[in-house]
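Subject: Structure for your review

Dear colleague,

Please find below the structure that I am handing over to you. I would be grateful if you would read the notes that come after it with the model open.

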Amino acid sequence: MPPVTTTIARLADQAALAARALVEYGQHLLQPTVRLGITGLSRAGKTVFITALVHGLLRGGRFPLFGAYADGRIANVRLAPQPDDNVPRFDYENHIRALVDERRWPDSTRQISELRVIIDYQSGSGAERTLTLDIVDYPGEWLLDLPLLGMSYERWSAESVRRSRETPRAALAANWHRDLAATDPMAPTDENRAIASAKLFTEYLRACRDDRFAMSVLPPGRFLMPGDLEGSPALTFAPLELPEDAVRPPDSHWAMMARRYEAYKDYVVKPFFVEHFQRLDRQIVLVDALAAFNAGHHAVRDLQAALTDILDCFQIGRRTLLSTLFRPRADRVLFAATKADHLHHSNHDRLEAILQTMVQGATERAKFSGAQIDVIALAAVRATQEAMVGQGVESLPSILGRAAAGETSGGRVFDGETDVVVFPGDLPTDPGAIFENRAAAGNTDAALRFLRFRPPALEKTDAGGAALPHIRFDRALQFIIGDRLQ
Ligand code: GDP
């Protein structure tokens, strides 16, 4: 994506960026730091993941695969004031209270936030060391805006309109399509029309995001996740259906929409790239693959397109010497399929294999750029246990958990205090099947059966503490920071 780098390089204050990179490098030598980005689309599990991560580091957990922890080399962990004054703090205390004391899921990520964790540890050779871990939580929707940096308004319009005519999007775009057909791009600027079109376009995006369709590629990200831009005029533009090879008349509706699109890139997308994304050393991308499976193969393909776009973001600027200054630093990227506790363990490897297949092409390209990529199916918090349930002569690998209040199954509404056993269904053994709607061949209905469970009670650890149960969380920790605690 070379145009992105070129645009950034042209417009950003190059000297200031270089100076900041030097200062950060100097600070890093004095105080080794890992800036860890946690992202994923809305409801992917970011808040739960970070809360469990910090709780595990502060209070301990069952982490046999997290080397420094398992070897007993982590001496002390504490929270410290975060370094960036213009970013809200991740509300760890409230989130952990909700999760552990009230056994309810914490409020989800709505915008960027940050938390600093200081880890005192003993290196493999016995030296006393300290690692500063800056955790940055941000909506994946914002990350999916980065491809816009290399895209003109005209191209973005054409792609958005084309995508909106595909299944299942077309049915959801009907109102916006009517508005599109009635809008003359060559007509004089019309503010009220712009506001109305932006509203209809946003409603279409929101409908695509609904669980029934679970679409992932829905830029511009701030339309769905506005953060501090809620209600801002920066969001009053929409794609137009433009005649091919026409010239954009000045003072036209087209010209105004294009100007606002460019302003969105300059004032929203670029600052995010420069201030946040580019400074990350490591990145975890959380993926609610199960939600996509449930919505069907269109959602799965859309998710795959989103993951490819995300991986391409890490390629920006890795191709030319000049652009090294502007390239993202992240040298490890972990894709994690969350909520694996909704499946019996016999399906965890299958979930991992499907995610692996989804990112395969993009992963090969990323390897050339030097970033290490891993893929894991995990549950940051395991809300279920396993059970085998007899059905006739068959025994079904099932899960057992406390159904969240308001969840329904077979006409029954749960009160939040009832334990339920569910056979969630099986993922296909052939990962390719999930892309072609052959996934549910063995099931009686098309979808896997998911129920939202309440968070679990803490479990006793071998060291006498109390920890949140999880699935493969320690493997994720080892990949993402294990080498920095050697
Ligand atoms: P965010 O929007 O990415 O911050 O998503 P959250 O972390 O708030 O997670 C959204 C919802 O997914 C939660 O309210 C839970 O219902 C569910 N969830 C997230 N992580 C887990 C997990 O590890 N296990 C289970 N069972 N549910 C989870």
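Predicted model: local features only at pLDDT ≥ 70, side-chain atom pairs only at ≥ 80, totals over all residues.

**Strand S6**

I began with strand S6, which spans residues 332-337. Six of its six residues are buried, so that the strand counts as mostly covered, where buried means under 20% relative accessible area.

Which strands pair with S6? One is strand S5 (residues 282-287), which pairs with S6 in the parallel sense over six bridges. Within this pairing, leucine 286 has alanine 336 of S6 as its bridge partner. Another is strand S7 (residues 372-377), which also runs parallel to S6 and is joined to it by six bridges. Here alanine 337 stands opposite alanine 377 in S7.

**Helix H10**

Helix H10 covers residues 191-209, which makes 19 residues. From its first C-alpha to its last, H10 reaches 27 Å, close to the 27 Å expected at 1.5 Å a residue. Its buried residues are Ala194, Ser197, Ala198, Phe201, Thr202, Tyr204, Leu205 and Cys208. Viewed down the axis of H10, these buried residues fall within an arc of 155°, and they therefore line one face of the helix. The face turned away from the buried side carries the exposed residues Asn192 and Lys199.

What do the buried residues of H10 pack against? Their partners are helix H7 (153-164), helix H8 (169-172), helix H9 (174-181), helix H11 (221-224) and helix H12 (253-275). At the start of H10, the backbone nitrogen of asparagine 192 has a side-chain oxygen of aspartate 190 within 3.2 Å.

**The ligand**

There are 19 residues around the ligand, and Arg43, Lys46, Thr47, Ser108 and Asp341 come nearest. Lysine 46 places a polar side-chain atom 2.7 Å from an oxygen atom of the ligand. For threonine 47, a polar side-chain atom lies 2.6 Å from a ligand oxygen atom. Valine 48 takes part through its backbone: one of its polar backbone atoms is 2.9 Å from an oxygen atom of the ligand.

Yours sincerely,
A colleague

How values were computed
Residues numbered from 1 in each chain as written. Heavy atoms only, no water. Buried < 20%, exposed > 50% of the residue type's maximum accessible area, 1.4 Å probe, protein only. Helix = DSSP H or I, 4+ residues; strand = E, 2+ residues; numbered from the N terminus. Pairing = 2+ DSSP bridges. Expected span 1.5 Å × (residues − 1). Arc of directions from axis to C-beta. Contact = heavy atoms within 4.5 Å. Polar contact = N/O pair within 3.5 Å; in protein donor to acceptor, adjacent residues only side chain to side chain. Near = heavy atom within 4 Å.
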